[in-house]
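Take a walk through this model, one region after another. Keep the coordinates open as you read.

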Amino acid sequence: MTNRTTVERKSERELVIRRTFDAPARIVFEAWTRPELLKRWWAPKSSGMILLSCEADIRVGGRYRFEFGREAATPMMAFFGRYVEVIPPSRLVWTNEESDDGSVTTLTFEEKDGRTLLVMHELYPSKEALDRATAGMEDGMPETFGQLDELLITLGAGQS
């Protein structure tokens with residue numbers, strides 16, 4: 001794996017995750033905003049969980065709901081909220097409303113020479129909320145982003 005995922009705690013309430021993808025920003029943005037693509041990569045395979053359903057109305061004020069579970073099973077957890085900012089293909093901001101500990105997530109997509117630096121910034125309401133949310137994230141995010149790398153290859157992102 002040539003692209004490394006970094007997970008850094010910036011403050012008591014902030015987490016920043018960075019990864020460069022070998023694809024143009026518009027394709028990486030699509031992978032984050034098209035439910036049929038999200039379902040193909042957004043859950044670390046080693047966890048045994050998959051994205052069972054994915055509903056996303058990607059516009060300012062639009063809602064989303066992602067349900068995770070094991071194959072052919074009842075959903076075990078759900079994440080939901082609303083989109084606050086949608087600026088294709090450079091910025092995406094959403095709320096996480098499944099609990100009082102939910103963060104506001106900001107993604108930026110910065111393209112340079114056909115590659116995209118993705119920066120995911122999460123702001124939590126408290127230090128304790130961030131502590132609870134980050135359990136397993138240092139392993140899960142690199143794996144999940146590796147799966148996104150694989151999807152981008154199948155989409156032909158690295159081809160001219």
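Is R34 buried or partly exposed? R34 is partly exposed, with a relative accessible area of 34%. Here buried means under 20% relative accessible area, exposed means over 50%, and partly exposed lies in between, with a 1.4 Å probe and protein chains only.

A word on the ground rules. This is a predicted model, in which local features need pLDDT of at least 70 and side-chain atom pairs count only at pLDDT 80 or more, while totals for chains, interfaces and linings use all residues. Residues are numbered from 1 along each chain as its sequence is written, and side-chain values use heavy atoms, with hydrogens and water left out.

Stay with R34. Its side chain meets that of E30 in a salt bridge (3.1 Å, N to O). A salt bridge is a side-chain nitrogen of Lys or Arg within 4 Å of a carboxyl oxygen of Asp or Glu. R34 also forms a salt bridge with E36 (2.8 Å, N to O). Elsewhere, salt bridges that share partners join E8, K10 and R18 into one network.

How many salt bridges does a search of the whole structure find? The search finds 15. One of them pairs the side chains of R115 and D22 (2.6 Å, N to O). R115 sits in strand 8 and D22 in the loop between strand 2 (14-21) and helix 1, so the pair ties together parts that are 93 residues apart in sequence. Helices (H or I, at least four residues) and strands (E, at least two) are DSSP runs, numbered from the N terminus. R115 is partly exposed at 35% relative accessibility. D22 is partly exposed too, at 36%. The general principle is simple. Side chains of opposite charge can pair when their charged atoms come close.

Next comes helix 1, residues 25-33. This helix is mostly covered, with seven of its nine residues buried. The buried residues are A25, I27, V28, F29, A31, W32 and T33. I27 has a relative accessible area of 11%. Its C-alpha atom is 23 Å from that of G61, which is 34 residues away along the chain.

Another pair gives a second distance. The C-alpha atoms of R13 and P44 are separated by 24 Å, and the two residues are 31 apart along the chain. R13 belongs to the loop between strand 1 (6-9) and strand 2. R13 counts as partly exposed, at 36% relative accessibility.

Now turn to the largest pocket. A pocket is found on a 1 Å grid over the protein atoms alone, as an open set of points where a 1.4 Å probe fits, with protein on both sides within 12 Å along at least five of seven lines; lining residues have an atom within 4 Å of a point. The largest pocket holds about 920 Å³ of space. That volume is the space filled by probe spheres set on the points, which are joined across faces, edges and corners.

Which residues lie nearest the centre of the largest pocket? They are W42, F68, F79, A133 and M137, out of 35 lining residues. Strand 4 (63-69), strand 5, strand 6 (91-95), strand 8 (115-123), helix 3 (127-133) and helix 4 (137-154) each give two or more residues to the lining. Helix 4 gives the most, with four. By class, the lining has 22 nonpolar, nine polar and four charged residues. Nonpolar covers Ala, Val, Leu, Ile, Met, Phe, Trp, Tyr, Cys and Pro; charged covers Asp, Glu, Lys and Arg; the others, Gly among them, are polar.

F79 lies in strand 5, residues 77-87. F79 is partly exposed, at 31% relative accessible area. With M76 and M77, F79 makes a nonpolar surface patch of about 270 Å². Patch residues have over 30% relative accessible area and no salt bridge; like charges are joined within 9 Å, and nonpolar side chains (Val, Leu, Ile, Met, Phe, Trp, Tyr) within 5 Å. Accessible areas come from the Shrake-Rupley method with a 1.4 Å probe; for residues, only the protein chains shown count as cover.

Finish with the backbone. A cis peptide bond joins P88 and P89, with omega at about -15 degrees. P89 is in the loop between strand 5 and strand 6. D113 is not a glycine, yet D113 has a positive phi of about 55 degrees. D113 lies in the loop between strand 7 (104-112) and strand 8. At 73% relative accessibility, D113 counts as exposed.
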